[in-house]
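Hi there,

Here is the structure I promised to pass on to you. Please have a look at it first, and then read my notes below.

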Amino acid sequence: GIDLNLKRNRNDLSLWRRSIANVPQNINLLDLSIAENIAFGQSKKDIDMDRVIKAARLSKIDLFIESLPDKYNANIGELGQKISGGQKQRIGIARALYNRKEVLILDEATSALDKITEKKVIDSISKMNNRFTIIMVAHKLSTLVDVDRIIEIEKGCINKIIKNKN
């Protein structure tokens with residue numbers, strides 16, 4: 001009920017923006033360790049490793065990380081060049097989960113994952129849906145199985161709203 005476009009509500013707009021985590025299709029990763037990329041924006045000494053590990057587990061990247069010799073301290077290279085596209089996306093999802101935002105936007109965030117891994121990631125995140133609002137942008141309807149409603153957008157306008165039977 002608050003018009004965030006009004007000048008007097010600019011502080012509310014700022015708070016709203018800080019409550020959102022966005023996971024785009026192409027994740028921006030730095031030439032740092034996996035832990036530093038998941039806890040993006042925090043100094044190395046302030047990283048909560050328990051939260052990093054939990055976020056990695058929820059995004060289904062933990063087994064890959066644990067298989068590396070340096071585990072969470074492994075460097076992934078500039079733009080994540082040392083890992084696959086699907087691994088990059090799962091680190092991006094782990095980053096969003098680590099930051100504990102109220103709104104999670106997944107913008108084609110699982111497009112580089114195989115169907116089995118995608119289902120595991122979506123199932124894992126769906127089980128947490130009471131912790132935050134999830135907005136998923138997807139072209140594959142199979143990604144949207146456990147959602148409350150599907151909003152179909154065509155040419156920039158809402159074309160159809162489908163309420164799920166859950």
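Let me start with Ile161, which counts as partly exposed because its relative accessibility is 48%; buried means under 20% relative accessible area, exposed over 50%, and partly exposed in between, with a 1.4 Å probe and protein chains only. Ile161 is found in strand 5. Helices here are DSSP runs of H or I with at least four residues, strands are runs of E with at least two, and both are numbered from the N terminus.

Before going further, a word on the basis: this is a predicted model, in which local features need pLDDT of at least 70 and side-chain atom pairs count only at pLDDT 80 or more, while totals for chains, interfaces and linings use all residues. Residues are numbered from 1 along each chain as its sequence is written, and side-chain values use heavy atoms, with hydrogens and water left out.

Back to Ile161: together with Ile151, Ile153 and Ile158, it makes a nonpolar surface patch of about 410 Å². Strand 4 and strand 5 (157-163) are the elements that give two or more residues to this patch. For patches, residues need over 30% relative accessible area and no salt bridge; nonpolar side chains (Val, Leu, Ile, Met, Phe, Trp, Tyr) are joined within 5 Å, and like charges within 9 Å. The areas come from the Shrake-Rupley method with a 1.4 Å probe, and for residues only the protein chains shown count as cover.

Next, the salt bridges, of which the structure holds 2; the criterion is a side-chain nitrogen of Lys or Arg within 4 Å of a carboxyl oxygen of Asp or Glu. One joins the side chains of Lys160 and Glu152, at 4.0 Å from N to O. Lys160 is partly exposed at 41% relative accessibility, and Glu152 is partly exposed at 30%. Another pairs the side chains of Asp46 and Lys45, with N to O at 3.5 Å. Here Asp46 is partly exposed at 46%, whereas Lys45 is exposed at 73%.

Leaving aside residues up to four places away in sequence, Val23 touches residues including Gln89, Ile93, Ala96, Leu104 and Leu106, where contact means heavy atoms within 4.5 Å.

Leu144 sits in the loop between strand 3 (133-137) and strand 4 (149-154). Is Leu144 buried or exposed? Leu144 is buried, because its relative accessible area is 10%. Beyond residues up to four places away in sequence, Leu144 touches Met136, Ala138, Ile150 and Asn164.

Lastly, two backbone angles to check. Most residues other than glycine have a negative phi. Lys60, in the loop between helix 3 and helix 4 (62-67), has a positive phi near 60 degrees. Arg100, in the loop between helix 5 and strand 2, also has a positive phi, near 50 degrees. Lys60 is partly exposed at 33%, and Arg100 is exposed at 52%.

Best wishes
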